[in-house]
Amino acid sequence: MTTPAHPFTEQRLSVGPAQLLVRRTGSGGPALVLHGEEGDEGWLAFHSALAASHEVLAPSHPGYGSTECPEWISEVRHQAAFYQWFLQQHDLRGVDLIGVGLGGWIAAAMAVMSTERLAHLVLVGAMGVKPERGEIFDIFITPWQQVIDRSFHDPKASPEYQRLYGTPVPEFGGAREAGKTMSIRMAFRPYMYDPVLPGMLGKVQVPTLVVWGDDDRITPIECGEIYRQGIPGAQLRTLPRCGHWAHMEQPDALAAVIRDFTAR
Amino acid sequence: MFKTDYYYFSEQPYTAYDPAIQAEHPSLRLLTPNSNFDPQAASELFSRYHDEYQIADESGFDGIMINEHHTAPFCMQASINITGAVLAKITKRAKILMLGAPLPVVENPLRLAEELGMIDCISKGRLISGFVRGGGVESLANNVNPAYNRERFEEAHDLIIATWTKPGPFRWEGKHFQYRVVNPWSLPLQKPHPLIMVPGTASPETVVWAARHRYPYVVLGSFLEQTQELIEIYRETAAEEGYEMGPQHIGYLIRVFVADTEEKAQQEGMNFFWQKGSLGKQPREWMAPPGYATVDVAGIRRLRAVSKPFDTLAYQEAQDNYQVVVGTPDTVTEKLRYVRDLLGVGHMCLWAMDGYMSHKDTARCIELFGKEVLPALRAR
């Protein structure tokens with residue numbers, strides 16, 4: 001497995017007593033990219049694509065294998081408080097906050113807490129709100145290889161899929177085991193949503209883009225509609241030929257959409 | 001010769017579904033549609049299984065072992081306490097070995113402590129209160145976060161023991177359970193509290209935990225060699241704790257069927273394969289959801305190794321390695337004596353009914369145990 005060819009550094013940055021692993025590169029406005037339930041899959045083609053216009057900060061969430069989890073973090077809103085703490089401690093301002101899947105939920109929860117340090121918010125196939133008609137696909141009772149395959153529109157056509165999942169993933173152990181455990185810890189019940197989040201979205205006052213793969217078979221697009229309707233002024237865009245993990249399946253298209261939105 | 005208690009066990013299988021559904025639902029758990037459940041058939045089966053418990057009680061078993069599972073046709077007992085309460089009233093002598101209450105999925109352990117107190121009082125002090133972690137599916141079916149399985153097990157246990165032994169009222173402010181008043185007017189008859197047992201199949205963590213608490217550990221039908229390894233862990237832990245492990249600390253569950261003739265026993269014994277190894281066909285995510293066990297590859301692999309399909313063993317091989325014991329009273333007595341003495345177990349749980357065995361054959365099996373096998377085992 002080769003890493004996309006773009007130089008980046010790996011740093012440990014303090015957040016209170018914790019040491020957050022952050023991969024960073026690029027120049028431009030800061031973009032904090034929060035991974036989702038796929039876990040910490042390392043440096044991605046998406047990060048490289050975004051680095052053309054942004055200084056990309058791609059952390060590995062507490063509990064997902066590379067950042068030790070502080071005892072107090074067991075919920076998504078705790079992760080959100082942790083990352084607000086991170087922004088505050090490192091005095092990051094004008095941040096474009098980008099969250100994918102479960103990371104989109106963390107990002108939305110962060111924005112509800114405070115948008116003071118944010119320039120833009122981008123939610124990609126975000127969990128966190130309960131769909132009224134459909135259901136969020138249950139990734140916790142499904143063999144992980146099937147979850148991966150279902151998260152792509154066309155796995156065979158995706159270089160990132162081939163790079164990361166081209167050989168069958170190990171069933172047990174490693175960073176993926178840690179990540180899945182942390183996701184279960186935070187999102188087992190209610191499954192993948194916070195019932196009070198929609199009621200608080202009106203507080204979010206930052207330009208917001210909601211992006212959805214047009215073939216997201218994990219999180220129904222009506223969740224994207226709920227975010228769009230809830231956050232004042234938010235826009236919703238879909239990406240063609242794209243599943244739930246848009247940052248893996250359409251990294252260049254997603255980066256272009258974000259670049260376009262954040263340049264305004 | 002050490003003393004051994006003998007317990008009758010059946011899972012109370014729900015056998016009335018069409019076996020053809022296994023083609024679509026190989027593991028027969030969690031997502032197998034319950035439209036295949038016929039309550040009329042279940043009602044008759046419950047009645048029959050309760051009758052068989054009475055026969056076991058009257059035939060001289062020292063105890064009756066019961067259990068609980070969810071979304072599982074192999075076991076109709078969705079609440080072990082309900083079966084325990086039935087036994088408390090319909091049996092007279094036998095201990096009621098509950099193996100056991102699945103503590104991690106219990107939402108209100110105080111109520112569980114109260115119910116167990118009632119069962120002990122109603123049965124006039126015959127309760128043996130087992131506590132289990134439960135397999136992954138029990139967490140999924142009850143929708144209790146598997147990542148907290150061990151924490152919830154330990155805290156629920158501590159709360160129940162406190163409820164039984166510490167005069168109320170007192171407060172409980174734990175991580176998973178909080179009570180402003182713990183003060184139940186339902187406490188066990190046995191003092192300081194009923195004997196507690198803990199079953200397991202493979203997890204060394206559980207053996208160590210049981211040994212530290214000096215609770216008997218019951219190995220649920222694992223291979224003999226692995227069982228010996230688990231017992232060795234118990235022995236070592238006991239030594240570290242400053243006591244010597246004895247037969248009273250170890251139990252073993254074994255599949256066994258007795259009939260008047262070898263042919264009949266061989267034929268009926270095949271019922272132990274009735275679900276065609278369905279348990280081992282569960283996805284890893286059901287058997288051991290991430291977080292259910294410590295993130296420990298070896299541990300999870302071990303768990304699966306003992307959960308492998310029972311029917312992958314040839315029937316003869318299963319008998320050769322004592323996974324199944326069938327035969328006439330004489331041959332069964334000899335084999336059970338070998339297993340008992342090899343393992344040095346003070347508790348032998350005899351899984352003597354499964355699958356499509358008829359009531360008549362089951363009743364005869366229990367009678368033969370009472371008249372011939374158990375007396376012979378007790379003699380030497």
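Residues are numbered from 1 along each chain as its sequence is written, and chains are lettered from A in the order in which they are written. In this predicted model local features need pLDDT of at least 70, side-chain atom pairs count only at pLDDT 80 or more, totals for chains, interfaces and linings use all residues, and side-chain values use heavy atoms, with hydrogens and water left out.

Q: Why is the pair R284(B) and E177(A) called a salt bridge?
A: A salt bridge requires a side-chain nitrogen of Lys or Arg within 4 Å of a carboxyl oxygen of Asp or Glu. The N to O distance between the side chains of R284(B) and E177(A) is 2.7 Å, so the pair qualifies. The rule finds two salt bridges across the interface of chain A and chain B.

Q: What is the area buried between chain A and chain B?
A: Buried area is the accessible area (1.4 Å probe) that two parts lose on being put together, summed over both. For chain A and chain B this is about 1,900 Å², with carbon and sulfur atoms giving 59%. I141(A), F172(A) and F188(A) supply 37% of the area that chain A buries against chain B, more than any other three residues.

Q: Why is D158(B) called partly exposed?
A: Buried means under 20% relative accessible area and exposed over 50%, with partly exposed in between (1.4 Å probe, protein chains only). D158(B) has 38% relative accessibility and therefore counts as partly exposed.
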